[in-house]
2 protein chains.
Amino acid sequence: MNNFSYYNPVKIIFGKGSIARLKDEIPTGARVLVLYGGGSIKKNGVYDQVADALKDYSWKEFSGIEANPHYETCMKAVELVKENNIDFLLAVGGGSVLDATKLIAAAVYYDGNDPWDILAKNAPIKKAMPLAAVMTLPATGSEMNGNSVVTKASTHEKLSFGSPLVFPVFSVLDPETSYSLPDNQTANGIIDAFVHVCEQYLTYPFDAPLQDRMAESILQTLVQEGPKALKTPKDYAVRANIMWAATMALNGLIAVGVPQDWASHSIGHEITAFHGLAHAETLAIVLPALARVMKENKKEKLVQMGERVFGVNSGSTEERVEKTIEAVESFFRSLGVRTKLSEYSLGAEIIDPIVQRFVERGWKLGEKGDITPLKIQEILTAAL
Amino acid sequence: MNNFSYYNPVKIIFGKGSIARLKDEIPTGARVLVLYGGGSIKKNGVYDQVADALKDYSWKEFSGIEANPHYETCMKAVELVKENNIDFLLAVGGGSVLDATKLIAAAVYYDGNDPWDILAKNAPIKKAMPLAAVMTLPATGSEMNGNSVVTKASTHEKLSFGSPLVFPVFSVLDPETSYSLPDNQTANGIIDAFVHVCEQYLTYPFDAPLQDRMAESILQTLVQEGPKALKTPKDYAVRANIMWAATMALNGLIAVGVPQDWASHSIGHEITAFHGLAHAETLAIVLPALARVMKENKKEKLVQMGERVFGVNSGSTEERVEKTIEAVESFFRSLGVRTKLSEYSLGAEIIDPIVQRFVERGWKLGEKGDITPLKIQEILTAAL
């Protein structure tokens with residue numbers, strides 16, 4: 001096990017009816033900005049619950065945060081924060097709203113010329129506005145970490161940053177808020193969480209059995225509960241189990257002391273940035289292709305995952321590896337999500353511009369830093 | 001799943017050589033009291049590492065904290081803290097030293113007449129001195145929670161308290177510090193962590209598959225790695241895995257939203273208070289006896305634990321329950337720890353005084369509150 005530090009001060013407030021507890025958690029007298037997306041929270045009652053909980057506060061709202069939130073939108077919110085002397089940010093929605101809110105919290109106090117440098121140049125964050133979340137879409141895990149992914153629409157760049165200063169002070173998770181999600185968002189959320197685990201687990205043996213088994217626990221839960229959420233969307237236990245699994249998938253615990261990959265995310269981000277696919281849609285395409293191309297690195301963990309998560313118990317190593325990857329693909333497809341670029345009418349022509357980006361950035365991807373631009377080309381070819 | 005809040009701001013600093021990082025974590029200018037036990041830290045080099053890391057601080061020391069730490073000892077430390085204007089407490093050792101330090105941190109600012117009321121009467125804690133730990137004995141999980149157990153020697157009372165104000169600010173966990181533990185302390189630590197998990201897991205089915213599987217992950221890790229620690233005490237990976245498993249066993253995560261038991265602890269505490277057995281020694285006796293007496297409540301989870309942790313895959317429910325309990329006993333005995341009262345020359349005469357205590361307290365023990373004094377009598381009889 002590698003040396004590690006683990007620190008996660010996010011308070012999780014979990015369960016039905018929990019939105020009412022906002023009034024116990026937001027400091028008295030705070031001037032709150034409520035941030036949200038396209039308005040689904042107005043249809044499913046979440047907005048009303050938030051408004052009711054905030055009735056003793058002075059608060060404003062900022063709506064229209066996109067999926068794959070735009071940097072340009074965040075900058076408009078920063079203006080609103082400054083104009084209204086806001087001092088507490090409350091994100092209500094899914095990971096995109098929360099990720100945008102994290103950038104806004106940091107950008108408000110950013111003392112450089114261009115807050116995009118926080119993402120593009122790892123510019124240091126010295127201060128951020130306190131923020132919290134009401135998370136209605138189990139998926140990104142953003143509710144219990146200090147990470148954020150934001151897209152600059154003008155240049156099609158999708159980049160991430162992280163800082164302990166943008167941990168939510170608290171996150172409210174009410175599984176009932178996920179009852180009304182469209183099937184594709186439910187499915188995408190499950191796949192997002194599943195691939196988050198894979199990025200931290202599907203590397204090579206590292207003699208860290210507890211991290212392995214905890215990662216497998218999350219995968220098993222998603223495989224078991226995911227299809228139920230599509231069949232019986234208002235089953236509280238199922239929604240609760242998925243919501244908690246998504247949080248546990250990316251709160252840092254399964255990653256302590258072990259190698260991590262994250263190449264599927266890096267490659268997937270480019271597909272979203274160039275072609276607009278939902279984040280999880282890109283992951284469902286890239287992860288299996290990457291596992292096939294990088295199987296020499298990952299074969300032991302693929303065999304272990306096959307055995308422990310999907311019951312793949314027979315065959316040669318080569319056969320087990322392929323059966324495991326097929327089981328992952330079948331799981332994604334059972335949720336109604338496609339696993340090939342061609343199913344989105346994307347062909348070989350998309351590969352070069354993406355590969356070119358990685359050539360320019362000079363990034364070394366993967367748990368061994370050996371996913372070169374040439375390998376990315378192979379992976380995208382395998383994903384066609 | 002029940003509604004829950006989860007908040008755990010303890011920073012974990014894990015790995016070989018980590019004690020040197022004290023100087024980055026303790027606030028500059030702090031006046032530190034280093035608290036420890038019987039002096040083993042002077043033999044294994046830990047004291048020297050701490051002293052080296054603290055060379056730029058003003059610090060004092062307080063030694064002689066017992067296993068099952070005494071309230072009376074804690075009160076002596078409180079005097080020393082006040083006399084020397086200490087403002088930061090650093091526990092160096094195992095759970096007993098840290099639990100004592102938590103009480104000292106709260107007692108220093110306690111404004112009632114008798115700080116024992118914190119344990120005996122749940123007297124509220126309004127303020128506590130910042131504290132941190134260098135944990136050298138993987139066992140209690142105290143390094144990542146706000147709980148403490150302290151014994152009043154004069155009355156043979158062993159009681160617990162908990163408060164978010166006594167979370168360690170940080171805990172340093174260096175697996176190498178556990179290389180020199182005597183075998184019985186290594187074994188007791190593993191059993192302590194194992195039973196902590198059982199108290200949160202071995203109840204009844206609650207449709208919380210992730211909590212179940214995470215609990216089983218910890219149990220599997222302890223069952224797999226525990227015997228290795230006795231055979232090859234200086235295997236870093238083994239010691240690291242056990243240390244991390246013990247922390248994860250009681251940082252609150254596996255308990256979120258599910259029923260908990262803790263009756264084995266309550267009963268075990270009385271055996272320690274009256275007869276001086278080590279904490280884990282009492283647990284190794286009480287847990288199997290309790291599982292047999294309460295098997296009607298616990299049978300589904302016993303079958304599940306048997307199957308997933310010990311590979312008990314055949315037989316009737318009744319047979320599987322018994323095989324699982326026998327597997328737990330065998331595991332404890334494989335670590336060299338006894339599982340019956342008679343093996344400590346304790347007989348039926350010890351039962352009545354213990355039962356009498358629970359009659360007086362009127363506590364309802366167990367996940368269903370149905371472990372009455374009569375049941376405790378049955379459990380202790382089964383443990384003879």
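How many of the five residues of strand β3 (residues 31–35) of chain B are buried? In this predicted model, four of the five are buried, and the strand is mostly covered. Strand β3(B) pairs with strand β4 (residues 58–62) of chain B over five bridges, in the parallel sense. Within this pairing, B:Leu33 stands opposite B:Lys60 of β4(B). A parallel pairing also links β3(B) to strand β5 (residues 88–93) of chain B, here through four bridges. In that case B:Val32 is the residue that stands opposite B:Phe88 of β5(B).

Helix α11 (residues 279–293) of chain B comprises 15 residues. From its first C-alpha to its last the helix reaches 21 Å, close to the 21 Å expected at 1.5 Å a residue. Of the 15 residues of α11(B), 14 are buried, so the helix is largely enclosed by the rest of the structure.

The confidence scores of the prediction are as follows. The model has an ipTM of 0.97 and a pTM of 0.97. For chain A, the average pLDDT is 97, and 100% of the residues score at least 70.

The arrangement of the chains was examined next. Two copies of a chain are related by a rotation about an axis and a shift along it. The same surface serves both copies, as 100% of the contact residues of chain A recur in chain B.

At the interface, 40 residues of chain A are in contact with 40 residues of chain B. The area buried between chain A and chain B is about 3,400 Å², and carbon and sulfur atoms give 59% of that area. Of the area that chain A buries against chain B, 19% is supplied by A:Met1, A:Leu210 and A:Trp244, more than by any other three residues.

Three loop residues of chain A were considered individually. Most residues other than glycine have a negative phi. A:Asn85, in the loop between α4 (71–83) and β5 (88–93) of chain A, has instead a positive phi, near 50°. A positive phi, of about 75°, is also found in A:Trp262, which is not a glycine. A:Trp262 is placed in the loop between α9 (236–249) and α10 (263–275) of chain A. With a relative accessibility of 23%, A:Trp262 counts as partly exposed.

Leaving aside neighbours within four places in sequence, A:Tyr36 is in contact with residues including A:Ile41, A:Lys42 and A:Tyr47. The contacts of A:Tyr36 also include A:Glu61, A:Phe62, A:Ser63, A:Gly64 and A:Ile65, together with A:Val92 and A:Val97. The C-alpha atoms of A:Tyr36 and A:Ser96 are separated by 9.1 Å, although the two residues are 60 residues apart along the chain.

Terms used
Residues numbered from 1 in each chain as written. Chains lettered and ligands numbered in written order. Predicted model: local features only at pLDDT ≥ 70, side-chain atom pairs only at ≥ 80, totals over all residues. Heavy atoms only, no water. Buried < 20%, exposed > 50% of the residue type's maximum accessible area, 1.4 Å probe, protein only. Helix = DSSP H or I, 4+ residues; strand = E, 2+ residues; numbered from the N terminus. Pairing = 2+ DSSP bridges. Expected span 1.5 Å × (residues − 1). pLDDT = per-residue confidence, 0-100. Contact = heavy atoms within 4.5 Å. Buried area = accessible area lost by both parts, 1.4 Å probe.
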